[in-house]
Each structure stands twice: as C-alpha cells, then as structure tokens.
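I opened this entry to record what I looked up in the structure.

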Amino acid sequence: MTGYYQLRTKEQRVAGQRKAIHALRRKLGLDRDVYEEILMRVGGVTTSTKLSADALATVLDELRLKAGEKPRVAYPGKPHNFDAARAMPDMIAKVEAQLADMKLPWAYADSIAKRMHGIDRVAWCRTEEQLRDIIAALHVEQEKRALLEALEERRAALGIDDARLQAMTANLPANWQRNRKCLRMVGAMIESIEVGQ
C-alpha cells in the first residue's frame, strides 16, 4: 500500500502554471510583443521562466480575465496575513496544498497548531519547526485517508460486506479506521483474502 498517494511538488505546480499561461496565450492569439509587455508589467521580465510564483499567478489571472474565464480564488479561509514576503512561504503553501487536497478548512490546521504548540492559528506560527510539525500532522492525516480509501476500494472489489469486515476487525480498537497501523493490518488481511481466492 505504498506509492499510491503523491502530492505535486512546487516545481510541478509552477510548470503547470506556465503551461496554463502558454495555453491561454495561444487561445487569445497574443503575439510575442503583447505577451512580453504583460510579463514586463507584472513581473519585470520578458520570459515566464523568470517569473516569481506570485507573478505567475497574477499573469495567469490576467490572461484568464482576457479569455473571459474567472480568475482562481485563493483557498477559502486562508489567513489574510500570509503573503509572499513571509519568511516561510513554501511551508505555508505546503499546508495550504495539504488542506486543499483533503478539502479541509484552515480551521483544521489551526486546531493542529493549538493542540501541538498552544498557538491559536497557523498564521501566528513563527518558526519553521512549528510549521514542520503541522505539515507532518497533515501528512499523517493524508496517509490515514489514503489508506482507508485504498482499503475501501479493495474491499468493494472483493465484495467484502460490512458484517465480514466487522468480524475481521473485532479484535481491533473501536477507532481502528483512524489508526495507520490498524489500517495497514486490515489491508494485509484483505490482501490475504485476495491471494486465497
């Protein structure tokens, strides 16, 4: 059950934004001079490879507006005091990506910050260690969800009903679905059924 859950890296996100910019440029039929003028005005450069992450997003939004599309809205609930000038923007972006991936509000990350460090909001975290801990906790949650999803898919494929699953997990703690070790154990039980068939 490994390797089934991967997040996009920063480089992959940036590459995706560049592809979207070039696709919109073609859609709009912008010639090189107009395109470079937009890049120069927004980012002070003439090539998208030299744009900062914020400038890429701004160019993308501008081109989307020109194409009649709605610009993408920042993740709802994101604290307003996060900006590009912060010392740890990559870590904040990672937290945001993890929350978006699980469709969780920022309040979820805030509760982790409160539980782990006694800080009411992620926005008030000031050290890399605090953010690293929050990222690690969110990663654990992602892993639990991915393990459970994979287990449910395998269970459905094998036709294991609720009664049989309950019998298989009778000796496990009541909250076994929230425990990675138990999820792996149940996954192994299901795999052994699959091999035995």
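I count a residue as buried under 20% relative accessible area, as exposed over 50%, and as partly exposed in between. The model I am reading is predicted.

**Overall make-up**

I looked up the secondary structure and found 8 helices and 0 strands. Along the sequence the pattern reads α-α-α-α-α-α-α-α. Of the 197 residues in the protein, 34% are buried. I also checked how far apart in sequence the contacts reach. Among contacts with a separation of 6 or more, 58% are between residues 24 or more positions apart.

**Lys103**

I went to the loop between H4 and H5, where Lys103 lies. Is Lys103 buried or exposed? Its relative accessible area is 71%, and because the cut-off for exposed is over 50%, Lys103 is exposed. I noted its backbone as well: phi of Lys103 is near 55°, a positive value in a residue that is not glycine. For background, most residues other than glycine have a negative phi.

**H4 against H5**

Two packed helices are described by the angle between their axes and the distance between the axes. I looked up both values for the helices on either side of that loop. Helix H4 covers residues 89-102 and helix H5 covers residues 106-117; they pack at about 120°, with axes 9 Å apart. H4 and H5 are therefore oblique to each other. H4 crosses H5 in a right-handed sense. From H4, the contact uses Ile92, Val95, Glu96 and Leu99, and from H5 it uses Trp106, Tyr108 and Ala109. I sorted these residues by class and got 6 nonpolar, no polar and 1 charged.

**H5 against H6**

Next I took H5 with helix H6, which spans residues 128-158. Their axes come within 10 Å and cross at roughly 120°. That angle makes H5 oblique to H6. The crossing of H5 and H6 is right-handed. On the H5 side I listed Tyr108, Ala109, Ile112, Ala113, Met116 and His117. On the H6 side I listed Glu129, Gln130, Asp133, Ile134, Ala137, Leu138 and Glu141. By class, the contact of H5 with H6 holds 8 nonpolar, 2 polar and 3 charged residues.

I then looked up Asp110, which sits in helix H5. Which residues does Asp110 contact, leaving aside its neighbours within four places in sequence? They are Ile119, Asp120, Arg121 and Val122. The relative accessibility of Asp110 is 9%, so Asp110 counts as buried.

Glu62 is in helix H3, residues 53-66. At 17% relative accessibility, Glu62 falls under the 20% cut-off and therefore counts as buried. With neighbours within four places in sequence set aside, Glu62 is in contact with Ile38, Arg41 and Val42.

**Cysteines**

How many disulfides are there? I counted 0, taking a disulfide as a pair of cysteine sulfur atoms within 2.5 Å. Cys125 is buried, at a relative accessible area of 0%. Cys182 also counts as buried, at 7% relative accessibility.

Notes:
Residues are numbered from 1 along each chain as its sequence is written. This is a predicted model: local features need pLDDT of at least 70, side-chain atom pairs count only at pLDDT 80 or more; totals for chains, interfaces and linings use all residues. Side-chain values use heavy atoms; hydrogens and water are left out. Axes are lines fitted to C-alpha atoms, for helices over the stretch in contact, and angles run from 0 to 180 degrees between N-to-C directions. Helices (H or I, at least four residues) and strands (E, at least two) are DSSP runs, numbered from the N terminus. Angles under 35 degrees count as roughly parallel, over 145 as roughly antiparallel, 65 to 115 as roughly perpendicular and the rest as oblique. A crossing is left-handed if the near helix is turned anticlockwise from the far one by less than a right angle, and right-handed if clockwise. Contact means heavy atoms within 4.5 Å. Ala, Val, Leu, Ile, Met, Phe, Trp, Tyr, Cys and Pro count as nonpolar, Asp, Glu, Lys and Arg as charged, and the others, Gly among them, as polar. Buried means under 20% relative accessible area, exposed over 50%, partly exposed in between (1.4 Å probe, protein chains only).
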